[in-house]
Amino acid sequence: MAKGFRQKIRQKNTDNSGFGDYASGRFINKDGLPNVNKKGVNIFNRFSWYHTMLDLSTFHFLSYLVIAYILVNLFFALIYYLIGVEHLTGIDKSDPLNEFIDVFFFSSQTFTTVGYGRIAPVGFMASLVATFEAFLGLLTFAIATGLFYGRFSRPRAYLKFSDIALIAPFKDGTALMFRLAPYKNNSLTDADIIVSAAIEVIESSASRSNFYTLKTQLSKINTLALNWTIVHKIDEDSPFYGFSEEDFKNTDIEIIVHLRAFDEVFSNTVVQRTSYISKEIVYGAKFVPMYYPDEHNLSTVLNLDKINHYQPADLPVFQQETE
C-alpha cells in the first residue's frame, strides 16, 4: 500500500485487540483459534489435553481412541508373552503366532473386564499384570466416557463462515462483506458480532500492526435462522477509505471476526471466531442469494453449498482526495 494511503487512515487505532502491535503472521486461524505458539513451559503444562480432545474432529477423536486401545493391548500382550504363555491357561500353543493372538485377545478381555474365562492367568506375575491392566482399563473407560459426554454436551455455535470476504458495491459506495449461516438445527438468538481489522503500517522503517474496530451496518440480530451478511461500509470513517484493488492485495490485512449468540437448548452463550487475510478478500464482487422458497411456498430453503458463491460486480470509481 502506498505511504499516502497509510496516512489517510482516519479511524482511531484501538488497543483492546488482545494482540501485540509487533506480532507476526496470522492472528486468528480459520478455525477461530489464536495463531500463537507458546514456549517456556514443558509440553505437559503447555497443552490442556482435555481441551485438545474436545476440539478434535469426530473422526480424529474416534481414531485416536481405537489406536490407543490397540497399542495398549499390544503392550500388555507383549508383557504376557515375555512372562511366558505357560502362565496362562487355555492358550493355543500350536505355533507362536497363535500364542500371541490368544495373548492379545486375553489382554483385551482383561482391559475391558469382560473375562470370558477360556484363558486365565496362573502364577503371581501374570496375575499381577492382569490385575493392574483391569484397573487401568476401568480408569481409561471412565476417562473416555467423560470425554464422550463433554463432546456431546459442549455448547457450540455450529456456524459456517464464508471462506472469502468481498469488496462489493453498497448503496452509493463500496463495502466489505462476508457472510455466515447456521448449519445444524440449533436455535440461536441475540446474536451480536464484533469485527476488527489489523493493518500493517510502516513507521521508521519498521512494520507494525494497527488494530481498528470496524463499524457494521447491523451488529446484532434477534434470531439467527438464515444466512447473515456482515456489511462494513467503506466511508470516510473506515480504515479502508481510499484503498484500491492493489492496496488490498499488497497490504497485510486481517479481518478478525468474533460472534456471540445465545443457544436456547443449552441455555448458554456460544462463541465462534474466524478471520480473513488479504488473499481471502475478493475485490469487485457480490454474493449470490443462498436461500429461496420451496416448491410449495410453505418454507424457506437455505442452501449452504452457496455460502461462497459470488459474481463479479462493478464498483463505483473512487476519487482520491488531494493532500
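E245 and K249 form a salt bridge, and their closest N and O atoms are 3.4 Å apart. By salt bridge I mean a side-chain nitrogen of Lys or Arg within 4 Å of a carboxyl oxygen of Asp or Glu. Both residues lie in helix α7, residues 245-250, four residues apart, which is about one turn of the helix. Helices here are DSSP runs of H or I with at least four residues, strands are runs of E with at least two, and both are numbered from the N terminus. E245 is partly exposed at 34% relative accessibility, and K249 is exposed at 53%. For those words, buried is under 20% relative accessible area, exposed is over 50%, and partly exposed is in between, with a 1.4 Å probe and protein chains only.

A word on the source. This is a predicted model, where local features need pLDDT of at least 70 and side-chain atom pairs count only at pLDDT 80 or more, while totals for chains, interfaces and linings use all residues. Residues are numbered from 1 along each chain as its sequence is written, and side-chain values use heavy atoms, with hydrogens and water left out.

Back to the salt bridges. How many does a search of the whole structure find? The search finds five. Another one of them joins E280 to K30, with 3.7 Å between the closest N and O atoms. E280 sits in the loop between β11 (268-277) and β12 (281-283), and K30 in the loop between α1 (3-7) and α2 (43-46), so this pair ties together parts that are 250 residues apart in sequence. E280 is buried, at 13% relative accessible area, while K30 is partly exposed at 32%.

Next, R118 and D102 form a salt bridge, with 3.4 Å between the closest N and O atoms. D102 is in helix α5 and R118 is in the loop between α5 (96-111) and β2 (120-121), so the parts tied together are 16 residues apart in sequence.

Now the chain as a whole. The protein chain has seven helices and 16 strands. Of its 323 residues, 40% are buried. A contact here means heavy atoms within 4.5 Å. Among contacts with a separation of 6 or more, 68% are between residues 24 or more positions apart. The accessible surface is about 19,100 Å², and 57% of that belongs to carbon and sulfur atoms. Those areas come from the Shrake-Rupley method with a 1.4 Å probe, and for residues only the protein chains shown count as cover.

Helix α5 comes up again, this time with a neighbour. Two packed helices are described by the angle between their axes and the distance between the axes. The axes of α5 and α6 (residues 124-153) come within 7 Å and cross at roughly 55°. An axis is a line fitted to C-alpha atoms, for helices over the stretch in contact, and angles run from 0 to 180 degrees between N-to-C directions. The two helices, α5 and α6, are therefore oblique to each other. Under 35 degrees would count as roughly parallel, over 145 as roughly antiparallel, 65 to 115 as roughly perpendicular, and the rest is oblique.

Which residues of α5 meet α6? They are F106, S107, T110 and F111, and the residues on the α6 side include A130, L136 and F141.

Two residues have backbone angles to point out. Most residues other than glycine have a negative phi. K171 has a positive phi, near 55°. K171 lies in the loop between β4 (165-170) and β5, and is exposed at 64% relative accessible area. The phi of D190 is also positive, near 50°. D190 is in strand β6, residues 188-203, and is partly exposed at 40%.

T174 is in strand β5, residues 173-182, and is buried at 15% relative accessibility. Beyond its neighbours within four places in sequence, T174 is in contact with residues including I167, K233 and L315. V85 is in the loop between α4 (58-83) and β1 (88-89) and is buried at 10%. Leaving out residues up to four places away in sequence, V85 touches Y80, I91, K93, E99 and V103.
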